[in-house]
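Please look over the sequence and the model before reading on. The briefing below goes through it topic by topic.

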Amino acid sequence: MGPAEGRRGVTIRLEHISKRYRLGQRETVALDDVSITVERGEILGLIGHSGAGKSTLLRCINLLERPSSGTVTVDGVRLDTLPERELQRQRRRMGMIFQHFHLLSSATVAENVAFPLRLAGVSRTDRERRVREVLHWVGLAGFEDKYPSQLSGGQKQRVAIARALAPGPDVLLCDEATSALDPQTTQTILDLLLAAQRELGVTLVVVTHDMSVVQRICDRVVVMHRGRVVETGTAADVLLDPRHELTRELVREAGWQMTGRHAPLMGRRTVLTFVGDNVYEPVLMRVAQAAGVTFSIVEGRIDRLKVQPFGRIVVDWQGTDEQWKRAAALLEALGVSVSEAVTTGSRG
Amino acid sequence: MTDIVWPEIWQATWETLYMVGIATALTVILGLPLGVLLVLWSTPRLRPQAVLYQVLSVVVNIVRSVPFVILMIAVIPVTEWIVGTSIGVNAAIVPLVIGAAPFFARLAESAMREVDPGVMEAARAMGASTWVIIWRVLLPEARPGLIAAVTITAVTLVGYSAMSGVIGGGGLGDLAVRYGYERFQTDVMLVTTALMVVLVQIMQMIGDRLVQHYARR
């Protein structure tokens, strides 16, 4: 599979999407006037609890789900008004993967991957070549003649990704693609999705309930709650500075909302957030020496936000007010964001 | 066992195989599309048609609830119109197919309902039309269940074909009725019955082998 050069990007635009179901007398609103855009080449996360409407919204992009109202535009083409046959053609430009893979159990790996190529009318020899190529790309060279039942969950999802990418789509829609996988397999699948973005220039929309998926691969994130968008922003903004109560909860579940509440108070308690290379530098030591304070780390975690190093630690400072003022100024100057630790006993 | 007429028995065995073979083939040809329609018209993601489904469903149920002996006699006019006569092996095939097709349609319907709707959704996401989904997803994925349904239908047809002996349909059942029942030749009845047991066993075995071969889950 070649690199992304020259590939045309896509912008997905969903405007004023509502979806209402009628169940007997009761009407349920699955989506309530939702508008989102997906920039070409980005990985957009749709996050929320189950029932928030994120999967329904994802299915509106390729019209597997027909919105009750609103417009769907992909790469300048209004999809919601297209006749069925034309819509089928447009869908071939978008791949989709699912939590439970949804492979044909009666077909071999090669036949599964060839399925969308057949739909597109690719010749037999070109199909075979492309199947080999894309299976190699997902790391499953030599698996052509196996059946899905002979594969592990991670391998099945790789086949599903190969199938979705085989026709060279501009967009990949991922519906809880890692939710049925163990943590280690999840990482390899997320790496593959990142590679699809970087090497193939594919735009990804990723539905998840797991903030760590957002942390590892997303550029931007849309937080959904009860059929509405409650927060939108870059992955860094949402993760480091969540505004909506639900977002805070998701960030807390992912372990990034630290307060150090289990540790005895050893001084002035602060939460320090590092983004970028200063994560790996001896910042605390330098500040402590320059300002004449001492410190204790009571909680902390260092990780990466997609590729960017990032970390958050809860630190208790010992020293006079004057010394602390100096230390705080130094920290800010070194690019560390400082906030007072909120001691909210009700949380967690 | 001296008065057993072996040539007649072999002739009757061949007639049974012929009747069941042709009737099974025609039943599948007629019943499978009916089964597909039953699934298609009742599945929200395919082509839901509540009224058409109800009509077809009721028709299938009516035919299925008529006892075969009665159905056989009731369709004699149809048989005469199609075959030209109501007696003989070919004439027996008509009621067999009419009786078995709705039965097979139901079996096929339930086999296809076992197919993971998610796989069909994935095909739709890839831009497949309903026709392609039926042809390349629904039928291949249901294949083991469909083969089992064909086996059950063929075995049932062996039983039905024996009943057609009552109206002179030919085959082993006919022989059993004429010699065993009407002339009290118990030995002929036993031999013909034994042959039918063997026939059913062989058919079931072949069916099971095929199901096993195609079940890849």
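What percentage of the 217 residues of chain B count as buried? The figure is 48%, where buried means under 20% relative accessible area, exposed over 50% and partly exposed in between (1.4 Å probe, protein chains only). This is a predicted model, in which local features need pLDDT of at least 70 and side-chain atom pairs count only at pLDDT 80 or more, while totals for chains, interfaces and linings use all residues; side-chain values use heavy atoms, with hydrogens and water left out. Residues are numbered from 1 along each chain as its sequence is written, and chains are lettered from A and ligands numbered from 1 in the order in which they are written.

**Chain B**

- Chain B contains 10 helices and zero strands, where helices (H or I, at least four residues) and strands (E, at least two) are DSSP runs numbered from the N terminus.
- Along the principal axes, the C-alpha atoms of chain B fill a box of roughly 70 × 40 × 25 Å.

**Aromatic rings**

- Over all chains there are seven aromatic pairs; rings of Phe, Tyr and Trp (its six-membered ring) pair if their centres lie within 6.5 Å, and planes under 30 degrees apart count as stacked, over 60 as edge-to-face and the rest as tilted.
- One of these is the tilted pair of W317(A) and W324(A), with 5.4 Å centre to centre and 40° between the planes.
- Both W317(A) and W324(A) are buried.
- F68(B) and Y160(B) form a stacked pair, at 4.2 Å centre to centre and with 5° between the planes.
- F68(B) belongs to helix α3 (residues 68-74) of chain B and Y160(B) to helix α8 (residues 143-163) of chain B, so this pair ties together parts that are 92 residues apart in sequence.
- With a relative accessible area of 6%, F68(B) is buried.
- F295(A), W317(A) and W324(A) are linked into a cluster by ring pairs.
- K146(A) lies over the face of F143(A), 5.9 Å from the ring centre; the rule is that NZ of Lys or CZ of Arg is within 6 Å of the ring centre and within 35 degrees of the ring normal.

**Cavities**

- Rolling a probe the size of a water molecule over the atoms shows where empty space is left.
- A cavity is a set of points, on a 1 Å grid over the protein atoms alone, where a 1.4 Å probe fits but cannot get out, and lining residues have an atom within 4 Å of a point.
- Grid points are joined across faces, edges and corners, and a volume is the space filled by probe spheres set on the points.
- There are four cavities of 30 Å³ or more.
- The largest cavity holds about 70 Å³ of space, and its lining includes R91(A), P116(A) and A125(B).
- The second largest cavity has about 50 Å³, and among its lining residues are M96(A), A160(A) and A122(B).
- β6 and α5 of chain A and α6 (117-125) of chain B each supply at least two residues of the lining of the second largest cavity.

**Cysteines**

- A disulfide is a covalent bond between the sulfur atoms of two cysteines.
- Zero disulfides are found over all chains, a disulfide being a pair of cysteine sulfur atoms within 2.5 Å.
- C60(A) is in no disulfide, and the nearest cysteine sulfur, that of C174(A), is 17 Å away.
- C60(A) is buried, at a relative accessible area of 0%.
- The sulfur of C174(A) has its closest cysteine sulfur in C218(A), at 9.3 Å, too far for a bond.
- C174(A) is buried as well, with a relative accessible area of 1%.

How values were computed:
1 Å grid on protein atoms, 1.4 Å probe; cavity = no way out; pocket = protein on both sides within 12 Å on 5 of 7 lines; lining within 4 Å.
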